[in-house]
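These are my notebook entries on a single structure. I set down what I looked up, topic by topic.

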Amino acid sequence: MIGLVTDEIASSPFAGQLLRGAVETAWDRDHLVLTVDSGGDPDKEAAAVAELLDRRVDGIIYAAMSLRRVTVPAGLRRTRAVLANCLAEDGSLPTVIPAERAGGRAAATVLLEAGHRRIALVGGLDDIASAERLRGFREALRGAGLTAAPDWIVRTGGEISAGYQGGMRLLDGAPADRRPTGIVCYNDRVAAGVLHAAARCGLRVPEDVSVVGYDDQEHMASFLDPPLTTVALPHRAMGETAMRLLLDAVDAGETPPATVRRLKCHLVSRASVGPAPSP
């Protein structure tokens, strides 16, 4: 048996693929997974790890809802452990995370390849993912000889309302030759808000402005109007990879090395990106 401790994943619709990937990988190798969701309570996490150790699990995966640095429960030091979608503050445990900087590059590159040169970014939080995606976004633009205008990096948050606010700031009343023709969004919820702002401003997507999301959120990205081009977080692959690392260490009778594995975030092309409009 393998223990899997999460902060909010088991009770959230956003990252269920991580759990499915871990559980199915374990099942294929004759292991069951006992999952405990702490709701983000450190005391519950410590108690859950202690209980799993009492049950003599072969190892534990600790998975976080959002990419962040964590102070892991002390009990993880007493067993084989792998982190998924988070990093130990002291770097002492192996971890599997998304390649967020490369994902940010991919989001900007799909617009550059469609001929866009006036590209903005909307949304973002004070977290690792936002910083890495912004770095990748800037790298892609620099590679094309471009620099994003400072007022076209609109850091408004991570919800639909934030996307609407940022989209209106960029698009409302702006002359056609002074507004961005492509917008990269922090996530798909922000992109939904930008789509709403574009419609409120009488702009067509993708004829007047193209929009790229991030996450490929289930039951959302493909159902927006138009369906959203987005960068998919590798939730399932993170679960599979973390479980393989752990089970390989169990089979070898070793402790997995404290490496960081970054998994590719694949671009999912849909109808929200089109050629840059003529000047």
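**Entry 1**

I began with Thr-6, which has its place in strand β1 (residues 2-6). Helices (H or I, at least four residues) and strands (E, at least two) are taken here as DSSP runs, numbered from the N terminus. I note that this is a predicted model, in which local features need pLDDT of at least 70 and side-chain atom pairs count only at pLDDT 80 or more, while totals for chains, interfaces and linings use all residues. Residues are numbered from 1 along each chain as its sequence is written, and side-chain values use heavy atoms, with hydrogens and water left out.

Is Thr-6 buried or exposed? Thr-6 is buried, because its relative accessible area is 0%; buried means under 20% relative accessible area, exposed over 50%, and partly exposed in between (1.4 Å probe, protein chains only). I listed its contacts (heavy atoms within 4.5 Å). Leaving aside neighbours within four places in sequence, Thr-6 is in contact with Leu-19, Val-36, Asp-37, Ser-38 and Ala-63.

I then turned to Val-33 in strand β2 (residues 33-37). Val-33 is partly exposed, with a relative accessible area of 21%. Val-33 and Ile-2 are 31 residues apart in sequence, yet their C-alpha atoms are 4.8 Å apart in space. Not counting residues up to four places away in sequence, Val-33 touches Ile-2, Leu-4, Ala-22, Val-23, Ala-26 and Met-243.

I next looked up the nonpolar cores, each a set of buried Ala, Val, Leu, Ile, Met, Phe, Trp, Tyr and Cys residues joined through side-chain atoms within 4.5 Å. In soluble globular proteins, nonpolar side chains tend to be buried together. The largest core here has 23 residues, and those with the most contacts inside it are Val-122, Leu-170, Ile-183, Cys-185, Val-194 and Val-211. Two or more residues each come from β6 (119-122), α5 (160-171), β8 (182-185) and α6 (188-200). The largest share, six residues, comes from α6. Another core, of 21 residues, lies apart from this one and includes Ala-107, Ile-119, Leu-141 and Ala-148.

Given its share, I examined α6 itself. Ten of the 13 residues of α6 are buried, including Asp-188, Arg-189 and Gly-193. These buried residues pack against β6, α5, β8, β9 (210-215) and β10 (229-232). I checked the length of α6 as well: at 1.5 Å a residue its 13 residues should span 18 Å, and its end C-alpha atoms are 18 Å apart, which agrees. The expected span is 1.5 Å times one less than the number of residues in the helix.

**Entry 1: cavity and pocket**

Grid points are joined across faces, edges and corners, and a volume is the space filled by probe spheres set on the points.

How many cavities of 30 Å³ or more does the whole structure hold? The search finds one. The largest cavity has a volume of about 90 Å³. Of its 13 lining residues, the closest to the centre are Leu-121, Arg-133, Leu-134, Cys-185 and Tyr-186. The largest share of this lining, three residues, comes from α4. By class, the lining of the largest cavity divides into seven nonpolar, four polar and two charged residues. For these classes, Ala, Val, Leu, Ile, Met, Phe, Trp, Tyr, Cys and Pro count as nonpolar, Asp, Glu, Lys and Arg as charged, and the others, Gly among them, as polar.

The second largest pocket has a volume of about 220 Å³. Of its 14 lining residues, Ile-97, Pro-98, Ile-128, Glu-132 and Arg-262 are the closest to its centre. α4 gives the most to this lining, with four residues. The lining of the second largest pocket has eight nonpolar, no polar and six charged residues.

**Entry 2: backbone geometry**

Most residues other than glycine have a negative phi, and most peptide bonds are trans. I recorded the exceptions below.

- A cis peptide bond joins Val-205 and Pro-206, with omega about 10°; Pro-206 lies in the loop between α6 and β9.
- A cis peptide bond joins Asp-225 and Pro-226, with omega about 0°.
- Asp-30 has a positive phi, near 65°, and counts as exposed at 74% relative accessibility.
- His-219 has a positive phi of about 65° and is exposed, with a relative accessible area of 70%.

Methods
1 Å grid on protein atoms, 1.4 Å probe; cavity = no way out; pocket = protein on both sides within 12 Å on 5 of 7 lines; lining within 4 Å.
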